[in-house]
Amino acid sequence: MSSSKPSLVLSMLTDLDPRPGDRVLEVGAGTGWNAGLFAHRLGARNVTTIDIDPSVVRTARAALHSLSLPVEVLCGDGYAGVPARAPYDRIVATCGLRQVPFAWVEQTRPGGIILLPWGTDFSSTEGTARLAVSDDGASASGPFTGLVEFMRMRAQRLEPDTHDAYVTEDSKQDAVASTTSLAPEVFADYSPAAFAIGLRVHAMTYRRGPKEDGAHPLWLLSLTDRSWACAIFRGNQDSHTVYQSGQRRLWDEVEAAHTWWAEQGRPGCTRFGLRVDADGQQAWLDDPGNHVRQ
Ligand SMILES: C[S@@+](CC[C@H](N)C(=O)[O-])C[C@H]1O[C@@H](n2cnc3c(N)ncnc32)[C@H](O)[C@@H]1O
C-alpha cells in the first residue's frame, strides 16, 4: 500500500483549497489518510474516494470506519470518476496521469477545481495541475503549481520493450556518433528542463543506464518504433558523445526542444499550464492561448 509524503499532501491540500461543506472526489484512496483529512474538514459524507486495488480499498474502508468516518470508499477505475456521486466542488488525484479524463470536467461544477499530478511519457517528473472548470462547464484550465513525482495511475503506466529489444547488434552497427553540450542535469529528477522538453517531444522516454567505466549513460527510447539514442556523460566535461540509431534522431529532437525552452527564458513549471475539453488536452505557456506544440 502506498501513501504520499506529508509535505506533499499539505501542499496539494493548500492548492486544492477545499471549503467546509465542499463535496470532494479523491482518486487513489491508498491508506485512506488523505480522505480522513478531507472528512475532518468537510464532513465525512461529502467525501468520496476510489481506488483500483481491492485490498487497498478494504484496508482504507476499515481504517476510516474505525474512526467513525462514513466516507464513501469505492473500488474501481477512477479514470471514469464517480458519476453517481457528482457533481463535485473538488476532484483530486493522488496518482500521476498522462491524460486528464474529460469525465472529471463533466463531474465538477463550474468554478470547481481539479488537481492532479500530470506529466508526459518523457520523464517521471510531473507538475501538479490546478484546473478550474469554466462557467459553461465545457473545459478546465489552469497552471502547474510545482514539480512532483507520484505513483502513476494504472493503465497510464508505460511499459516499453526491454533494453535488448531496442539495442540489437544490428542497431548498434547503424548508430551514428555525434557530440552534445547538453548537461546531465537536464535529466535530473525534478528538472524543469526535462518537464518542458517532455511537453515538446513526441512519444519517447529516457532511462539512466548503470554507471560504466566512470561514465553515466542516458538512453532515449522511441515509443513509436525501436529508435534509440545514448549520451555518454563523463564527469564535468562540456561535450559528451551521443549515439543515435533508427528512423528517428531522438537526441536531435531533444536538443531542439531544449533550445526552444532556452529561447522562452527557461520557464519553470509554473509558467506552463494545461487545458482540457471534450476534444482532449493541450499544454500552454504563460497564456491558455499560447499552445506548446510538439
Ligand atoms: C500514492 S497512493 C495514494 C495515497 C492516498 N491518497 C493516501 O492518503 O494514502 C496512489 C493510489 O492510487 C491508486 N490507483 C492507481 N491507479 C488507479 C486508478 N486507475 N483508479 C483509482 N486508483 C488508482 C493505487 O492503487 C494507490 O493506492
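Which handedness does the crossing of α7 and α8 have? I opened my notebook with that one, and the crossing turned out to be right-handed. A reminder to myself: this is a predicted model.

**Entry 1, α7 and α8.** I looked up the geometry next. Helix α7 covers residues 192-200 and helix α8 covers residues 250-263. Their axes come within 9 Å and cross at roughly 115°. Angles of 65 to 115 degrees count as roughly perpendicular, so that is how α7 and α8 lie to each other. I then listed who makes the contact: P192, A193, A196, I197 and R200 come from α7, while V254, A257, H258, W260 and W261 come from α8. Sorted by class, I have eight nonpolar residues, one polar and one charged.

I moved on to helix α1 (residues 6-16) and helix α2 (residues 33-42). Here the axes are 12 Å apart, and the packing angle is about 40°. That angle makes α1 oblique to α2. I noted a right-handed crossing for this pair. On the α1 side I found P6, V9, L13 and L16 in the contact, facing W33, N34, L37 and F38 of α2. The class tally reads seven nonpolar, one polar and no charged.

I counted 25 residues around the ligand, and the closest are E26, T31, D51, D77 and G78. Then I checked distances to ligand nitrogen atoms. R154 places a backbone N or O atom 2.9 Å from a nitrogen of the ligand. For I52, a backbone N or O atom lies 3.3 Å from a ligand nitrogen. T94 uses a polar side-chain atom instead, 3.1 Å from a nitrogen atom of the ligand.

Conventions
Residues numbered from 1 in each chain as written. Predicted model: local features only at pLDDT ≥ 70, side-chain atom pairs only at ≥ 80, totals over all residues. Heavy atoms only, no water. Axes fitted to C-alpha atoms, helices over the stretch in contact; angles between N-to-C directions. Helix = DSSP H or I, 4+ residues; strand = E, 2+ residues; numbered from the N terminus. Parallel < 35°, antiparallel > 145°, perpendicular 65-115°, else oblique. Left-handed = near helix turned anticlockwise from the far one by under 90°. Contact = heavy atoms within 4.5 Å. Nonpolar A, V, L, I, M, F, W, Y, C, P; charged D, E, K, R; others polar. Near = heavy atom within 4 Å. Polar contact = N/O pair within 3.5 Å; in protein donor to acceptor, adjacent residues only side chain to side chain.
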